[in-house]
Amino acid sequence: QVQLVESGGGLVQAGGSLRLSCAASGRTPSIDAMGWFRQAPGKGRELVGGSGWSSGSPYYADSLKGRFTISGDNAKNTVQLQMNSLKPEDTAVYYCAAGRQTSPNTYEYSYWGQGTRVTVSS
């Protein structure tokens, strides 16, 4: 129904920056929220942040506030993740997600991208 493609992953030195992008295609009128998750080696998938088109500002995991910034474009069905001051512990596969905003602070993601790998060297 909806396909998501991430781009922008790669290798970056600690302290550097990287910008990830995600584009949705297919039945894009069915989505009004997009976000990012990540999964580090040996760990479970964790929330990075996301944004709903209809209301509110982007939300972030508390541990990432101040370093990561999410921006979205409803008209283009895209979302970006700007990552600054990267640390080796940020190394992970980053996944784009899309779904519906069911309340001002609740998002239900139904579609997932294949992920893009980010490696931060020490």
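Arginine 100 is partly exposed, with a relative accessible area of 40%. On this scale, buried means under 20% relative accessible area, exposed over 50%, and partly exposed in between, computed with a 1.4 Å probe on protein chains only. The model is predicted, so local features need pLDDT of at least 70 and side-chain atom pairs count only at pLDDT 80 or more, while totals for chains, interfaces and linings use all residues. Residues are numbered from 1 along each chain as its sequence is written, and side-chain values use heavy atoms, with hydrogens and water left out.

**Salt bridges**

Side chains of opposite charge can pair when their charged atoms come close. A salt bridge is counted here when a side-chain nitrogen of Lys or Arg lies within 4 Å of a carboxyl oxygen of Asp or Glu. The structure holds five salt bridges. The table gives some of them, including the one made by arginine 100.

| Aspartate 32 | Arginine 100 | 3.6 Å apart |

The salt bridge between aspartate 32 and arginine 100 links distant parts of the chain, 68 residues apart: aspartate 32 is in the loop between E3 and strand E4 (33-39), and arginine 100 is in strand E9. Strands (E, at least two residues) and helices (H or I, at least four) are DSSP runs, numbered from the N terminus. Aspartate 32 is buried, at a relative accessible area of 14%.

In the second pair, arginine 38 is buried, with a relative accessible area of 7%, and glutamate 46 is partly exposed at 33%. Both belong to a network of salt bridges that links Arg38, Glu46, Arg67 and Asp90.

**The disulfide**

A disulfide is a covalent bond between the sulfur atoms of two cysteines. The cut-off used is a pair of cysteine sulfur atoms within 2.5 Å. A search of the whole structure finds one disulfide. It is formed by cysteine 22 and cysteine 96, whose sulfur atoms are 2.0 Å apart. Cysteine 22 lies in strand E3 (residues 18-26) and cysteine 96 in strand E9 (residues 92-103), so the pair ties together parts that are 74 residues apart in sequence. The torsion about the S-S bond of cysteine 22 and cysteine 96 is about -80 degrees, so the disulfide is left-handed. Cysteine 22 is buried, at 1% relative accessibility, and cysteine 96 is also buried, with a relative accessible area of 0%.

**Strands and pairing**

Strands of a sheet pair through backbone hydrogen bonds, either parallel or antiparallel. Two strands count as paired if DSSP finds at least two bridges between them. Strand E3, which holds cysteine 22, belongs to an open sheet of four strands in the order E1-E3-E8-E7, with antiparallel pairing. Strand E1 (2-7) and strand E7 (68-73) stand at the edges with a single partner strand each, so one side of each is left without a neighbour in the sheet. On average, neighbouring strands of this sheet are turned by 15 degrees against each other, direction ignored; axes are lines fitted to C-alpha atoms, for helices over the stretch in contact, and angles run from 0 to 180 degrees between N-to-C directions.

E7 pairs with strand E8 (residues 78-83) in the antiparallel sense over six bridges. Within this pairing, glutamine 80 in E8 is the bridge partner of serine 71.

Strand E9, which holds cysteine 96, pairs with strand E10 (residues 106-112) in the antiparallel sense, over six bridges. A hairpin of two residues joins E9 to E10. Alanine 98 stands opposite tyrosine 111 in E10.
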